[in-house]
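Hi everyone, thanks for coming. Let me put the structure up on the screen, and then we'll walk through it together.

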Amino acid sequence: MGNLGFLLTWQAIRSQLAAMPNELYLIRLIHHQTGRPFPGERLWTAAQLVRAATIRFLRVRNGEGCDVYIQPYTGNQNAGYILVDLDRADPTAVEVMRANGHDPCVVLQTSPGHLQAWIRLSTSPLEPAVATAAGRHLAHLYGGDWASTDWRHLGRLAGFKSPHDGTGIGMLRG
Amino acid sequence: MKLVHACAGLAPRGEALLQSLRHCARPPPTSPFRCHLTATEPGPTSAEEATTIYQSCMKRWHILERFPQPDWSIVDLWVARYLLSQGQPDSQIQAILRLASPHFPRRHGDPDGYLRRTVARAAFPSPGRAVCDDHARAAAPLETSSACSNSTGGR
C-alpha cells in the first residue's frame, strides 16, 4: 500500500496543481483534533510540491492527523482563484456553476455531500476586496459556506486522507 | 478525499463577474438598498448589487432562520413584490432575480419565462398568506410590504 498510496497522492497532487497553475502555493498543515497548525507555513512551487521528499513529508504529517491545505499564493493579493466551499449544497451546484459560466477548474469531494470548488476568475492577481466580494457572491449563488469566502481562504490539497471521508486518499475520477 | 474534477481554465463568465463587482465596489456602501432603487434610474444591475439587494431582503425577513430549506421561488416572489412596491421596473427586477436568486436557474426549463411569471404574479395584491404550503406551515404569512419597510435592516 505504501508505494501505491504514494503514487495516488502524487497523481492527485499533480492533477490538482495542473488544473490551478500558479507560481507559488501556500501549504498549511492543521492538526485535525487540536486545531493547531504545524509549525511554519510553506511556499512551494509546483515542481517542489510534487517532489518525492515533499510528498513523503506531507503524507507523514497527514498520517499524524494533520489536514493539508493549499492556496495559490500571490503575496497580498488573490491569485485569481476563488474557493467555494459547498457544505451540504445542492448536488447539482457544480452543474449550475457550469451553466452560469462559472466553471470550476477543480472540484474536490472532501467528505460525502461536501465539495470544494476552485473557480479561476482571472489570470492576473485580484484585489482582496474584489476577491472577497466574488467569494461571497459565488457562495450565495451556489449555497456555499459564507465562513469560507475571504480572499485568501485555503482549500484541501488532493491526495490526502480526510478524517471525515473514510475513503482514503484522492482518486481522479474525471 | 476525491478529486472529482480537474481541468485548467478560466471561468467563461469570470471576467464579467469581476467587472460587475469592481463597478459596484467603487462607491462605499451607505444603505443596504443603495443600488439603483429608483424607477428613474434603472440602469444595468451588477451581480454584486443584485446580491446585496436580495440578501438584504433575506436577512430582514429572517428567511434562513424561518425556513431551513427555503422554497426559493417563494422568496423570489416576495423580493419581486417588494421591489415593485419601490417602483422598480420589471426588467430590473428580473435582472436582480436572475443574478441573485440562489442556485438560479435551478431546474427551470425556461428561466426567462419563470422570471416573467414571477414578476407578473408579484404585481397582483398579496393574498395575505404564503403561497407555498410548506412556508405557510412553517410560519405566519409574510406581508412583504411591511416586512421590508424598515430601511435600517439588512447588512
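So, salt bridges: how many does the rule find across the interface of chain A and chain B? The count is zero, where a salt bridge is a side-chain nitrogen of Lys or Arg within 4 Å of a carboxyl oxygen of Asp or Glu. Before I go on: this is a predicted model, where local features need pLDDT of at least 70 and side-chain atom pairs count only at pLDDT 80 or more, while totals for chains, interfaces and linings use all residues. Side-chain values use heavy atoms, without hydrogens or water, residues are numbered from 1 along each chain as its sequence is written, and chains are lettered from A and ligands numbered from 1 in the order they are written.

Okay, polar contacts next. Across this interface the rule finds 12 residue pairs in polar contact, both residues at pLDDT 80 or more. That term is for a pair of N or O atoms within 3.5 Å; within protein, one must be able to donate a hydrogen and the other to accept it, and residues adjacent in sequence count only if both atoms are side-chain atoms.

Which parts of chain A each supply at least two residues to the side touching chain B? They are α1 (2-19), α4 (93-99), β6 (106-111), β7 (114-120) and α5 (128-142). Helices (H or I, at least four residues) and strands (E, at least two) are DSSP runs, numbered from the N terminus. The biggest giver is α5(A), with eight residues.

What about the area? Chain A and chain B bury about 3,500 Å² between them, 61% of it on carbon and sulfur atoms. Buried area is the accessible area (1.4 Å probe) that two parts lose on being put together, summed over both. In chain A, L121(A), H137(A) and H140(A) lose the most to chain B, together 17% of what that side buries.

Now for strands. β6(A) pairs with β1 (residues 2-6) of chain B in the antiparallel sense, over four bridges; two strands pair if DSSP finds at least two bridges between them. Within that pairing, V106(A) has A6(B) as its bridge partner.

S15(A) is in helix α1 of chain A. Is S15(A) buried or exposed? Buried, because its relative accessibility is 17%, and buried means under 20% relative accessible area, exposed over 50%, partly exposed in between (1.4 Å probe, protein chains only).
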